[in-house]
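The following paragraphs lead through the structure shown below.

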Amino acid sequence: MAPGSEAELRKRNTPKTSTADLKAEGKEKQPKAKANGDSRAKESGLSATPFIVLVLLGAVAVLVYQNPAVVTEPLFEFLGFDTDVSPVEPTRTGFVADVEKRDAVKAAFRHAWLAYERDAMGDDEYHPISHKGTNLTEAGGIGYTVIDSIDTMLIMGLQDEYERARQWVATKLSFDQDANFNTFETTIRVLGGLLSAYALTNDSMYIEKAVDLADRIMPAFDTPARLPTSMINLAKRQGVRAEDNKGLVSTAEISTLQLEFRYLAYLTDNDDYWDAVEKVMRTIRSSSLTTGLASIFMNPEDGRFVLSAIRLGSRGDSYYEYLLKQYLQTNLTEHVYQEMYNGAMDGVHGHLIKKGQFTGLTYTSELIPERNPRGEIQWRLTPKQDHLVCFFGGSLMLGAATSGATTQPVSIPPRPSELTPRGKRDWQTGEALIETCMQTHDTATGLAPEIVHFRIPSDGVVGSGVPQDWYIKGAQPGAPAPYDARYILRPETVESLFLAYRLTGDDKYRRYGWKIFEAIERHCRIESGGYASIINVDQVPAVHEDKMETFLMSETLKYLYLLFEDDSVLPLSKYVFNTEAHPLPIISTTRKANF
Ligand code: DMJ
């Protein structure tokens, strides 16, 4: 059977016994053991009353151990915390595919890929209006678009397209390019894409390429604090400090390499990859702020946070995403990441999650440090939310169903008794943030802008037709659209919809996803082939920008496809998606975080 065909993918996904499965099995065995104990007591002729008391106490202890919510819930309620979650329906599994919608997404992917292949095969980026490709540097391409798209072809069963893309990687790809490439982007898109292609095919060619690339990236970690430089010269194998940020490194970038390097270490038995990225996490933990939050810049000289914004948007986003995903990747065994994740989620709830004063919409704010006239630092809360933040709703729900659960696996959707108080809080916030992200699609095109601001009483937004809930800063009727008004084919909302659907089985998430897909088709599709960003989500007909971001094919269309696919394909219990939507298997390893 050809690699990557749907049938083969399903075969590969046939559930194996995971640690989570074993845990569940262990739980089922316990009543049996207890029954044996009971009968032995009878046989031994012990006095019944103290024995029954002992058995009852034992049973209570087991119950509390397995389900701490029995105790914590009344306690939290007593302390005045809200522990309600939305009412649950019976557990659902085995969601069936919506074949028509799934195949429409697949057709959209082909429309994008075939145009790229026709006009720009092998080039890093694609410009669908000028029908041209470009590379990230003058030295030459590194397979950005091809490799970012390969696993989507495998998942969609696009065999012919896959064979051609594989052929290009096998025969044309070279990482020996004497130029500076972004360490993070190269890792999440190219290394992540190669690893995921390997995971779905077992084709060792992908591992050879991944090792070649990773070995060229490794020198980026040669800084005094072992925090990787922002850029890497792949031919010279030298880390390069970014000129624009005074040599500082961005928190999200240095903490979003871990899934990829750890999986490569696991496959190759080369611990150097694992050690390099784990050290980064150790440094972050030892410098971390008491709030559990992370500023968006760190200093690679001393490994400390630098006074800078705190946010879930650019340069902050995937730090929070990978705290959870590192815990998931090793099957909930590395508790240091759970601890860091919990601390971060408490910090996010304590400082960044807000509710719209006029509408009650849940949104995230940013904290901006400023010096007052006396030179003291003050943190200004800004009700600004990047589209990037829309990954966070689904991520919170995934975190609630795993890190925030009292049992594994949880029901679909989780029952209140299966979530810890923290899990319930995160689940509710996750659901609410997804609704908010959907509200930001309430534009002329039905697409969400790059950045929104939420209304607060002191925002000075006045005039007729002023929105109650959110607005695009600087947008004026008849004036050129501000940067914030663009939609660049981003995936974050549909990523959350995919996770929410898998975790709840609630059809509304498919309806939301379909609406977004239709809007992309209507406003971003270029008839001659490909899809383009638009410069103003509130302008119809839309004005295109000549760029098709690689994450359209790696993320946006993949998550939409999986939203309408049945849930045996890439089940969340077996795979963790890297931040560029490349699925990597959850691994069983004896290696545990060494800090
Ligand atoms: C992707 O490259 C990744 O998801 C990254 O983490 C940030 N966002 C872009 C797509 O919007």
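Contact, as used here, means heavy atoms within 4.5 Å. The model is predicted, so to speak of local features requires pLDDT of at least 70, side-chain atom pairs count only at pLDDT 80 or more, and totals for chains, interfaces and linings use all residues. Residues are numbered from 1 along each chain as its sequence is written, and side-chain values use heavy atoms, with hydrogens and water left out.The protein has 19 helices and 19 strands; helices (H or I, at least four residues) and strands (E, at least two) are DSSP runs, numbered from the N terminus. Of its 595 residues, 56% count as buried, where buried means under 20% relative accessible area, exposed over 50%, and partly exposed in between (1.4 Å probe, protein chains only). Among the contacts in the protein with a separation of 6 or more, 70% are made by residues 24 or more positions apart.

The unreviewed UniProt entry places the feature "active site" at Glu-185, Asp-317, Glu-450 and Glu-492. UniProt positions are given in the numbering used here, feature names are shortened, and annotations may be inferred rather than shown by experiment. Asp-317 lies in helix H13, which covers residues 317-329, and Asp-317 counts as buried because its relative accessibility is 14%. Not counting residues up to four places away in sequence, Asp-317 touches Ala-252, Arg-311, Leu-312, Leu-388 and Phe-391. Glu-492 lies in helix H17 (residues 492-504); with a relative accessibility of 9%, Glu-492 counts as buried. Leaving aside neighbours within four places in sequence, Glu-492 is in contact with His-387, Leu-388, Cys-390 and Phe-391.

The next element to consider is strand S7 (residues 295-299). Four of the five residues of S7 are buried, so this strand is largely enclosed by the rest of the structure. Strand S6 (residues 249-250) pairs with S7 in the antiparallel sense over two bridges; two strands pair if DSSP finds at least two bridges between them. Within this pairing, Ser-250 stands opposite Phe-297 in S7. S7 also pairs with strand S8 (residues 304-310), in the antiparallel sense and over four bridges, and here Phe-297 stands opposite Val-306 in S8. S7 and S8 form a hairpin with four residues between them, and Gly-303 in the turn has a positive phi of about 70°.

An open sheet of three strands has the order S3-S4-S5, with antiparallel pairing. Its edge strands are S3 (180-182) and S5 (238-240), each of which pairs on one side only. Neighbouring strands of this sheet are turned by 35° against each other on average, direction ignored. S3 and strand S4 (residues 231-233) pair in the antiparallel sense over three bridges, and the bridge partner of Phe-181 in S4 is Ile-232. Helix H8 (residues 183-201) lies across S3 and S4 and runs at about 65° to S3. For such angles, axes are lines fitted to C-alpha atoms, for helices over the stretch in contact, and the values run from 0 to 180 degrees between N-to-C directions.

Another open sheet of three strands has the order S13-S14-S15, with antiparallel pairing. Strand S13 (384-386) and strand S15 (470-471) stand at the edges; each has a single partner strand, so one side of each is left without a neighbour in the sheet. S14 and S15 pair in the antiparallel sense over two bridges, and Phe-454 has Trp-470 as its bridge partner in S15.

A pair of aromatic rings is described by the distance of the centres and the angle of the planes. Rings of Phe, Tyr and Trp (its six-membered ring) pair if their centres lie within 6.5 Å; planes under 30 degrees apart count as stacked, over 60 as edge-to-face and the rest as tilted. A search of the whole structure finds 16 aromatic pairs. The rings of Tyr-363 and Phe-454 are stacked, because their centres are 4.4 Å apart and their planes are at 10°. This pair links distant parts of the chain, with Tyr-363 in strand S10 (residues 362-364) and Phe-454 in strand S14 (residues 451-454), 91 residues apart. Both Tyr-363 and Phe-454 are buried. Elsewhere, Trp-113, Tyr-116 and Tyr-126 form one aromatic cluster.

A charge is also placed over a ring. The charged end of Lys-101 sits over the ring of Trp-514, 5.1 Å from its centre; the criterion is that NZ of Lys or CZ of Arg is within 6 Å of the ring centre and within 35 degrees of the ring normal.
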